[in-house]
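Q: I would like to learn how to read aromatic contacts in a model. Please take me through them step by step.

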Amino acid sequence: MSGKTSIRFILDGNVVEITDVDPTRTVLQFLREDLRRKGSKEGCAEGDCGACTVVIAELRRDGETTETKAINSCIQFLATLDGKELITVESLSDGKKLHPAQQAMVEQHGSQCGFCTPGFVMSLYALYEETPDPTRRQIDDALSGNLCRCTGYRPIIEAASRMHALQAPAAKDRAAALRSIQRQDSLAIEHNGRRFFAPRSMDEFAKLYCRYQDATVLAGGTDVGLWVTKQHRELNTVIYTGQVVDMQDVSTSASHLELGAAATLTDVAPLLIEHYPGFEEMLRRFASPPIRNAGTLGGNIANGSPIGDSMAALMVVDTSLVLRCGEVEREVSLSDFYHDYMVNDLRAGEFVARVRVPLPRSDQQVLSQKWSKRFDQDISAVCTAYRLQLEGNMVKSIRLAYGGLAATVQRAPRAEAALLEQPWSEATVEAACEALAEDFKPIGDMRASAEIRMLACQNLLRRFYAQTQDSELQTVYSYGR
């Protein structure tokens, strides 16, 4: 990798170039403290409230078209903007005329105290750019990462429905501007002895991680960002996956979905839902669009939170991980990857390169469920997943996995044994519910007591049984279709 370089991105049509910056300085700090742009607000500093929402525009893989995505600037490191365009609420108006997303908010009286309003406007702007005629569900999804403590959601939703009827601004040639700042080398910055690397290939990434084995691997920053903003950790060396093109590939082979570990949750969700419709609830309720636009499936798995939403679903379908250290790769079953709380099978210098999800079988029913205090934008109290294969009315194969009940996401061996080779019936499911209490001894915390967690998992298993009695497996997103 070449020596020290500078961060380059576009803001309001101008190229911003920064050389001397702390590798973990956030976009929100840069906007509010360096540029004194106070539109973007800090409400939570952890990507929960959406008050800090900005939009990022970047080139698609074809190099000719662009995509715009809302992200949380409070946990996004400034160095990750390299080669992209940053769009803030101040960027939308030309000083004479409001953008349709802003004008619609004015017309529909969508602002009350105003603190959350810039974040809502930016989520509306991203929706305006990417979805010309949004449905109500698409509007609800787009706004699910923004919280309004005044409970002014109705006029904001009306603004989302109204904005496309307003005169659109003149189209900008973003692609040409973005092409002009793309680099051929890799980004490397240093500040007060702390380093940030953004390699462009997996080979380069592997070499760097072998050299700096104590480095923090940064993917979307949706967890690592909180290490800085909430835990005040100092990260001496950061290696970023977001520019590693061959870690972002998403494809289908004859037997598997091959998902690059640096592919965002937004990018992998359509393919997963296409093959596993029962994953839709989990993937659509996974945090919020700004989190999914930045966060990666590989990062969620590697972080290994016991309430990480994706792992239970992937575990029941026998997902495996391709781990790489230097030039050596090995494949590990996701079921064997976690050893204890935040302890996994990764060795020094080893990283998750690819996630391999077997293609579904037509004779199996697969479903993932999430239970949390809020429906949208909330951390799970428990998450569950099931894979059922029947022969007649007998259970030929069963997989059950649970998050939120133990130090890691785990299978439920006793409950599985209670179901295997038994009739798929209410009585058998009740026996499995009793066995669940032997598989797990959950803890109680702010999200749920131990007793409520266990009862919720038992009731969710009962719900799964009830859903399988329909001709088509239902999810919370398919009711009433």
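This is a predicted model: local features need pLDDT of at least 70, side-chain atom pairs count only at pLDDT 80 or more; totals for chains, interfaces and linings use all residues.

A: Residues are numbered from 1 along each chain as its sequence is written, and side-chain values use heavy atoms, with hydrogens and water left out.

Q: How many aromatic pairs does the structure hold?

A: Rings of Phe, Tyr and Trp (its six-membered ring) pair if their centres lie within 6.5 Å; planes under 30 degrees apart count as stacked, over 60 as edge-to-face and the rest as tilted. The structure holds 14 such pairs. Among them is the edge-to-face pair of F9 and F30, at 5.9 Å centre to centre with 80° between the planes.

Q: Which parts does the pair of F9 and F30 tie together?

A: Helices (H or I, at least four residues) and strands (E, at least two) are DSSP runs, numbered from the N terminus. F9 lies in strand β1 (residues 7-11) and F30 in helix α1 (residues 27-34), so their pair joins parts 21 residues apart in sequence.

Q: Are F9 and F30 buried or exposed?

A: Buried means under 20% relative accessible area, exposed over 50%, partly exposed in between (1.4 Å probe, protein chains only). Both F9 and F30 are buried.

Q: Where does the charged end of R233 sit?

A: A charge sits over a ring if NZ of Lys or CZ of Arg is within 6 Å of the ring centre and within 35 degrees of the ring normal. The charged end of R233 is placed over the ring of W227, 4.2 Å from its centre. For R285, the ring is that of F375, at 4.1 Å.
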